[in-house]
Structures are given as structure tokens and as C-alpha cells.
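Here is a short briefing to read alongside the structure. Take a look at the chains first, then come back for the details.

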Protein chains: 2
Amino acid sequence: MRTFKSRNSDHISNLEPVAGNGLLSRRALLGRGIVVAGAMSTGAGTSLTSAAAEPLKDDPWSLENGANTPPLQTPSRFEKHVVRILSNPNNEMRTSHGRTPHQHLNGTVTPNSLHFSINHSGLPDIDPNQHKLVIHGMVKQPLVFTLEMLSRYPLVTRMAFLECSGNSATMFSNEPVQASAQALHGLVSNAEWTGVPLSILLDEAGIDPAAKWLIAEGADSLALHRSVPVKKALDDALVAIYQNGERLMPGNGYPMRLLLPGYQGNMNVKFLRRIKVVDQPAMGFYEARTYSQILPDGKAYRFHFLQEIKSFITHPSFGHSMKGPGYYEISGVAYSGTGRIAKVMVSADGGRSWADAALQGPVHSQAFTRFRMPWRWDGQPVVLQSRAWDEAGNVQPLRAEFVAVRGQTKRPVASPFAFTNQHYNSLTSWGIDGNGSIKHVYA
Amino acid sequence: MRTFKSRNSDHISNLEPVAGNGLLSRRALLGRGIVVAGAMSTGAGTSLTSAAAEPLKDDPWSLENGANTPPLQTPSRFEKHVVRILSNPNNEMRTSHGRTPHQHLNGTVTPNSLHFSINHSGLPDIDPNQHKLVIHGMVKQPLVFTLEMLSRYPLVTRMAFLECSGNSATMFSNEPVQASAQALHGLVSNAEWTGVPLSILLDEAGIDPAAKWLIAEGADSLALHRSVPVKKALDDALVAIYQNGERLMPGNGYPMRLLLPGYQGNMNVKFLRRIKVVDQPAMGFYEARTYSQILPDGKAYRFHFLQEIKSFITHPSFGHSMKGPGYYEISGVAYSGTGRIAKVMVSADGGRSWADAALQGPVHSQAFTRFRMPWRWDGQPVVLQSRAWDEAGNVQPLRAEFVAVRGQTKRPVASPFAFTNQHYNSLTSWGIDGNGSIKHVYA
């Protein structure tokens, strides 16, 4: 790129900061010139034939007819690195995780191809014309639904995040594991879901007033099942039959799954084939063991369903490298199982000073909210953090607060994929050194 | 399915209709029991071992470990029919269209794999590390941007539909062409776009106050270029670098495209490599010829940029078949280049009576809005229509009104892919006969 030179950020160095280490007011940027671009080095460059237009010389792809238009579009071959990390690539008889590459995404929607999935007995190959959903138990009239039947009911469309409560479990380590946002936080994703309110189906079956729980069961060979409070089922649960506009993909529950906005991923039973209305929880494997995490005093939470408020910075983050001092946007995602995100603050000095980030609207309840913060990096070491608040007044706990209640390991965790505990929702800190390389740190 | 019998919709036949041929009030449905499901035919069915639970017998996929978890998820093999229709599957040296299968989608997001694309010289294989965007012409300082540089600017995320102004052109035919919502209307889609406001980049280059137009040019071998008013560029134009969270796919402009919310698709220049600031429009091929549609009086519109208000029903629609009398949801999409959708009305009697549909919120400006209408079909022939209004007071014209101004062909159009004219935005009518088969009709 010899025809243009890089310009340094002279203008924005004069802007008033809103917090330490170069956090800027979004308002202050207007009309000031952000100056990331390269300036052409010669003349006015108003003609294609001038030397200034050399960057416009044709690249090889501008000189020949391009590739065929496919029935289903796929990403460019230059995006091959944007894939899910797999925990069980050879499909051994154990759980398979696919993690979302947050450091490569922006906006709020997670494409279905990249939505996280966890399956304990592989992806069942379900014929949607044979699959049935049964509602039975403490109801007046047991009912059977096919996918075609469900498609005729009143549908609801909404954004919702889904998170495995084991997401970010690596951060229970007493020392920070060096890993990307994908490796640390890749078991949360966000999508537009369309489905039938479960309340309508339960109403039709005629639920017994004495009923307190549902047992939801999947058609996977594990017959994964979870107990769900009737209150949640009647409040906002959906039987989801579309994800981001199209049918669910097999890893996410094709052809239908339970969606319990804000509740731990495992309860959002995939391949849903049965809802049994009962008066007591099943105390199945996942609720009695896996998701009853142990506290420092040796006791365990029972029914810790809610995915609590959380945020993390995706840009810049581990795996990126800074291209020298100058203007950058700090951005990430925030979400809360309790409702809407009300505020996200960002720090560039490890939590000594904080500034309000801009929230990309509209802010949906129980869904990803993208936050953005203008920033001028002066090339010195910094520590970036984000911290979120929701409309119910919940705040993401500082690490010291969190560890005091929930504990941490005595030795460093070796793998980013170790599930030492559940429901980590404290801050994530990215340390940037003078060379622009980025580490996961605790601060 | 011998263990349960179908129940007919006894309850809802007693509901007060809100318009002719069975349109129902959404409010009236609550607590009334919609009754699409099959009832189990025996006993209380509270135990898995009872005969009532026979629908719960294990299907083959519930009896074996499932398939491998892939790095990129793909749809189930049972969804192979959900693909784009291609106009040029062998990539001959002409335009290639890929149309969105609206009749198979629900919600508002179009997945990137199914987003429509039109490319006039194939899909260029662009190396994002080599591609550059130049802003030059009537500016103080010509600038060059790489994808990496653009990623550092303040980004904006928003929903927006994109529509080829040739979408629905088949409906200029004087007789209705029998074709699906995909074939008729598949050149419109809706996505969450993330990009840099063009106003920021133009501000940095220092735009000459005398400038009136931009010429935007792509890096495809056609070097497709369009003239864009400076006013639009400063208002809400983006240089989009993410679509539905991930990088744009090649057919939609990888690695960067112009996004002009509400303006005809062709102006949203893909593979964007150049913006030249000028004082007069270029009068290029597409604006001087293709998109200057001829009116009945022989005159032509010049610069008919806006995609005007429109709606169509996707469920039920051509290609679906009704499963007998009973409850159904009528739903579809509405959108307007002018702003937010304010109202959608639905008719089941060919326009004699109308009722307000529910709009799925939040309603975004210049984006798909999903509308939904409860309906009890009595098995008699009906004609379904939708009609949309936007917040600026624009209303989708009735067909007679539209044809009076814009004309129609003298002979039936033979192919659903013929581009006889541009900017069709009148109503679409689906005629359902007593057997439940669905035709495209004019009403």
C-alpha cells in the first residue's frame, strides 16, 4: 500500500476523555474526524487516472467472471477460521460442545451455523413428519401435537439468549487461563426464536390447579429431561419451531425445543417429545447432580435456574492484535436472565475509572445487547473490562465479590474446557501490553 | 397415529369473528382452547406405561447415538427443500438471482444462507486483506480504508430489509402467474446489519459543500456502480461489514457493501471499493436504463429509489395445502422504505371486509414486520389478502389503483422470473378452494 501513508490520531488525542486510559465520549467524536484511514499521498485524487488512484487498480477478482450462485449461501473461504470450537470432534460416546466464536462476530444475532450447541448423545436424525409432542400427566385431556399442528397455533417471535450454566466455568480457576472469548464464553448465543406459547398448549390440555412442575423430555437417545416450574411454563415459555427465521438446526433441537428465556440452557429441552405435568420435580440427573453446583461451604444450590447478568468484551479481545496507537471501538455483549440491560460501563484501567458505554437499541429483554465505547489507545499497557446492570437493579459482581461467595480453584485450571463449577458471571479482563498483544488477566 | 383422534374446532366456531370468513380476535382466543392438537383416545394417560402413551414409543433416532457435531451447523436433511431458487444455476455469463423461500420461513430474520442475492458477473473471490475502499472526488483529503480499519470505527447495528426493485415484477402480468411467495417475492430479505455510518467516513474525508452525489462502485468484474444522493449518504447510509452477526457472504457483498435503508437493492453496492464524491449523477447503466421503468404514457421514472410500502402473506400461501377446516394462523411480512409499519389489515373474503392483524414487536423502521391473524377456516373457498400502512401514512395500493397508474401486460407473463417492470407493491391474493389447495389469484 505504497500510495498512501498512515495518519496518526492527532485530532482525537485532543478530545476530552470520560475515563482513564483514553475512553472517549461518543458525542465528542462528532465532526472531529476519527482518523483511522490512510490518506492518499498525492494530489486531489479526483481522477481514476491520477497516481492517487493507484489503490483502485484492479485486483484479480475484478478481472474475471466470479463463482456460481449457490442454493444455500456459505461464508467466504477467507472466513474459514470463523467456526465453532468442538470438544468432541470424533463423536465419541460423551458430550459434544460447539462454541460460538464471539471474537469474530458483531451485532447481536448469532447465525444458526455458529450458535452454540451441547449434545450428550449426538445429533438425532429426526423425521419431522414422524416426531410427536405429547402433553400428559395432571391434565384434563392428554394431547398429541405434530410439527404441522404446532405451526397452525398463534406464534410469537422474540429475541433470546441461551446460555449453558457451565459457560465461562474456566474462570473459576485461581489463575487466568489464556483463552479467547470463544473458548471462555462460547456457550452462550443469541437468536430470534419463533414458537407457540406453552401456556396456550397447557390451556388446551387443561392443567390441574394442583400441578407445580412439568417434566420436559427430549427425543434424543439420552431422553434428556428436566423439571420446569409451572409458573415459568405459563409465563413466557415457548415451544420453538423456528430459529432466526428458519427451522431449528439439529444441534439446537430440530424440529422443536423448549425455550425458557433466561433459564439455563440445559432446561430448554431439545427434540421436545413430552411434557408431563406433575406435582413434584423429577430430580433427574442434570438437576440433581450436574447443575447443583457446590459452594465453598460444601452445600449446593438446588434449582439455580436463572442465568444471571453478565457481559464481556469481544473487540478487542484475546486472539486479536492491536495495530498500533490510535482510535478503536471497544465493544461486547451484555445480557441478563432477569430482563433488559439498563447500563454497561467500561474501564480501560482495570476498574479504577469507568464510563458509560452506548447500548445499541432496541434493547430486548433476556437477549444480547451490544455495547460500544469509543477509545483512543496511546500504546501503553491497559486492562479493559466491562460491567453490566439490568433493569431489575442487578449488577454483574466484581471478581473479588464473586470469588468470596462462589470460590475458586486452589490450582490453575489446565483446560479452558474444564467444568469446575457453574454460573460464573463476574467480569472478564483483557490486558493489552505495549506491543498490542492481548492476554486474559484478573484485575 | 391410531392412538389419538383428531378433534375438530368446536370451541372456536363459537368465537365472535372480526371480519368475514372466520377472521378472529386474538383477544377472544385466550382461555378458549384453540384445538388443533390430537386428543389421546384412552384414559388419563398419566403413566408412560398406559396405552395412552403409545405416541411416546421410541422412534429409531431415540434408540441410537446421534450424528457428529459439526464446526458449522447446517439444516436437517429433511429441510433440503428450503433453498433459494436460482435463475442461472450453471453460471452462464448473465445475471444470477437467488430467491428467498418465504413460504418456509417465519419470524423476521432471513438467515444469510437464504438471503436473496443478485450478481451480474458471478461472486468475486475477494481477499479481505487486499481489498480497499477509496473515498475521493470532491473531498479535502482522499482516503483509503481497509476492512481492518473500518472495523475500528464506531459501528452501528440495525435491522433492514433489502429489496430488488424488480421483486414481484411478475405481478405486472394481466393474469396471475401460478407461483410461490418465493418465486413472486423472493427478491426481498431482512437482516441485522452492522457497519460504519458513511457520514463518519465522509466527514473525515471532508466533503465539498457543492457535492450533490456519490458514485459508489463495486469490485466485481462488472464494476457495478450507482449514483447516490449525498443527502441519503449523510442520513442513514452504512458501509456494512457484518450481516446477522457474521461477515457478509460473497453473494451479499463480502467483505463490505453499501447499505441504503429503504432504497432499491441495486444501489446498495456490494464489494464496495470506491465512493467518488461528485456534483452530478453518473447516469450509469442501471440508473439510466434498467431501473428507469416505463409508465403507460411512455414516460419513465428517473431515480425511483424508494422501495415503497408492501406486504404479503407467507402462511398459508401457494405451495402449502390446508389440512381441513379448523384453526390456522395467517401470517406474513410487511415493510416500507419510508419508516415503520403502523398497521396491517387482513381479509379472508377478497377485500370485502378487513381486520387488524397483530404486529410482532418491536417494529423496526425500514425492516420486516411479521403480522399475525387468528383464523378459523370453515372449509369453504376464501381469498386471503394483506394490506399495510406505514407511520408516514403511506398505504399499499389496491391492485386496481396500482394498475391504473403503473399498467399491466396485455398478455399473461409466461415465467415468474420475467422482469416486465419495476416497483410492484400492490396486494397479493391467495385463493383457497374447498379442497384446501392454494392458488395465486387477483381479487
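Predicted model: local features only at pLDDT ≥ 70, side-chain atom pairs only at ≥ 80, totals over all residues.

Chain B and chain A bury about 11,000 Å² between them, and the contact takes 130 residues from chain B and 129 residues from chain A.

**The contact between the chains**
- Carbon and sulfur atoms give 56% of the area buried between chain B and chain A.
- On the chain B side, Trp61(B), Gln73(B) and Arg152(B) lose the most area to chain A, together making up 9% of what that side buries.
- Polar contacts link 52 residue pairs between chain B and chain A, counting pairs with both residues at pLDDT 80 or more.
- Strand β18 of chain B, residues 326-335, gives the most to the side that touches chain A, with four residues.
- There are four salt bridges between chain B and chain A.
- A salt bridge joins the side chains of Asp125(B) and Arg77(A), with an N to O distance of 2.7 Å.

**Helix α7 of chain A**
- Within α7(A), residues 399-406, the buried residues are Arg399(A), Phe402(A), Val403(A) and Arg406(A).
- Viewed down the axis of α7(A), these buried residues fall within an arc of 95°, so they line one face of the helix.
- Ala400(A) and Ala404(A) are exposed, on the face of α7(A) turned away from its buried side.
- Just after α7(A) comes Gly407(A), with a positive phi of about 85°.

**Cysteines**
- The count of disulfides over all chains is zero.
- Cys164(A) is buried at a relative accessible area of 5%, and Cys164(B) is buried at 6%.

Methods: Residues numbered from 1 in each chain as written. Chains lettered and ligands numbered in written order. Heavy atoms only, no water. Disulfide = S-S within 2.5 Å. Buried < 20%, exposed > 50% of the residue type's maximum accessible area, 1.4 Å probe, protein only. Helix = DSSP H or I, 4+ residues; strand = E, 2+ residues; numbered from the N terminus. Arc of directions from axis to C-beta. Contact = heavy atoms within 4.5 Å. Buried area = accessible area lost by both parts, 1.4 Å probe. Polar contact = N/O pair within 3.5 Å; in protein donor to acceptor, adjacent residues only side chain to side chain.
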